[in-house]
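Please keep the sequence and the model at hand while reading.

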Amino acid sequence: MMLKSFNDFDSPLIHHITNYVSANESATACLAVGGNPIMADDVADAPYFTKKAKALVLNMGIFSASKEKAMILCDKIATERGIPIVLDAVAIDISERRMKTFRMLMKRKKNKLVKMNRYEFDELLRLSDLYKYDYKLREQLVCALARKYGVTIVVTGKRDIISDGTKTISLNNGTELLNKRTAVGGMVSTLIATMATYEKDLTEAAVWGLSLINCASEIAEQKMEEEGGGMSSFNTYLIDEIYNMDMERLKKLIKRTDH
């Protein structure tokens with residue numbers, strides 16, 4: 001388990017307000033690194049778990065009025081408690097309601113990391129096709145957006161970009177097979193949140209969380225190909241490699257560039 005690399009570290013409670021597609025995968029990933037996941041999203045129930053949690057994950061994937069209220073309330077509690085908040089801004093450009101809720105959640109900035117994929121990022125900034133594959137420009141825009149909002153921004157893609165508005169980091173690990181697996185984005189949010197209970201610098205927590213699943217996926221793909229397996233084998237090996245990874249091994253595998 002990843003948290004075995006950290007001395008005298010208890011299993012942190014990670015509160016998720018997520019969706020039924022991501023819930024099981026996120027819980028499995030959280031347990032694999034030594035976290036303690038709870039999936040509570042009812043507005044009458046969720047706040048009690050946030051009050052006890054070490055980190056909060058808000059996933060906007062499958063949206064509802066009840067989840068919207070729970071997210072806003074739990075975000076307030078987490079901000080007041082000073083625990084890390086990972087906001088997975090799924091499909092925020094699809095409807096006015098999603099965007100409105102996103103903006104409400106962005107009013108509180110303390111200890112907040114916002115994750116989105118490159119398509120969501122492009123739509124948020126309304127980038128034209130001319131600029132969508134300009135990675136240098138994308139890095140600059142991620143940095144500018146992080147500075148504007150006063151939070152840490154993570155944009156996932158073939159090359160992952162992380163910025164807090166001051167420093168920007170790009171990561172170049174992973175495999176295309178991750179795109180064929182359900183709920184990878186939810187797993188990433190969980191892993192970042194769990195790492196953030198130990199690593200207080202959210203940019204570095206994001207590096208560990210993203211690199212963990214990306215590097216594990218490279219090893220899993222290699223094992224799958226060696227045995228002539230398919231996606232079921234890949235999924236099993238992926239969790240195994242996340243579970244067996246330690247900090248020293250991960251450091252050797254990370255392909256990281258600091259800007």
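**Terms and basis**

A residue is called buried under 20% relative accessible area, exposed over 50% and partly exposed in between, using a 1.4 Å probe and protein chains only. By this definition Glu241 is buried, with a relative accessible area of 2%.

The model is predicted, and local features need pLDDT of at least 70, side-chain atom pairs count only at pLDDT 80 or more, while totals for chains, interfaces and linings use all residues. Residues are numbered from 1 along each chain as its sequence is written, and side-chain values use heavy atoms, with hydrogens and water left out.

**Salt bridges around Glu241**

A search of the whole structure finds 16 salt bridges, each defined as a side-chain nitrogen of Lys or Arg within 4 Å of a carboxyl oxygen of Asp or Glu. One of them joins the side chains of Glu241 and Lys223, at 2.6 Å from N to O. This pair links distant parts of the chain, since Glu241 belongs to helix H9 (residues 231-244) and Lys223 to helix H8 (residues 202-227), 18 residues apart. Helices here are DSSP runs of H or I with at least four residues, strands are runs of E with at least two, and both are numbered from the N terminus.

Glu241 also meets the side chain of Arg249 in a salt bridge, at 3.5 Å from N to O. Lys223 is partly exposed, with a relative accessible area of 33%, and Arg249 is likewise partly exposed, at 32%.

**A salt-bridge network**

The side chains of Asp258 and Arg256 form a salt bridge at 2.8 Å, N to O. Salt bridges that share partners join Lys167, Asp201, Glu204, Arg256 and Asp258 into one network. Asp258 is partly exposed, with a relative accessible area of 46%, and Arg256 is partly exposed at 31%.

**The sheet and its helices**

Nine strands form an open sheet with mixed pairing, in the order E2-E1-E3-E4-E5-E6-E7-E8-E9. Strands E2 (36-39) and E9 (256-258) stand at the edges with a single partner strand each, so one side of each has no neighbour in the sheet. Neighbouring strands are turned by 15° against each other on average, direction ignored. Two strands count as paired if DSSP finds at least two bridges between them. Strand E1 (residues 13-17) pairs with E2 in the parallel sense over four bridges, and the bridge partner of Leu13 in E2 is Asn36.

Helix H6 (residues 135-149) lies across strands E6 (152-156), E7 (160-163) and E8 (168-171), running at about 35° to E7. Helix H7 (residues 184-196) lies across E1, E3 (55-59), E4 (85-88) and E5 (112-117), running at about 165° to E4. Contact means heavy atoms within 4.5 Å. Axes are lines fitted to C-alpha atoms, for helices over the stretch in contact, with angles from 0 to 180 degrees between N-to-C directions.

**Aromatic contacts**

The rings of Phe102 and Tyr149 have centres 6.3 Å apart and planes at 80°, so the pair is edge-to-face. Rings of Phe, Tyr and Trp (its six-membered ring) pair if their centres lie within 6.5 Å; planes under 30 degrees apart count as stacked, over 60 as edge-to-face and the rest as tilted. Both Phe102 and Tyr149 are buried.

Lys148 lies over the face of Tyr149, at 5.5 Å from the ring centre, and Arg159 lies over the face of Tyr135, at 4.6 Å from the ring centre. A charge sits over a ring if NZ of Lys or CZ of Arg is within 6 Å of the ring centre and within 35 degrees of the ring normal.
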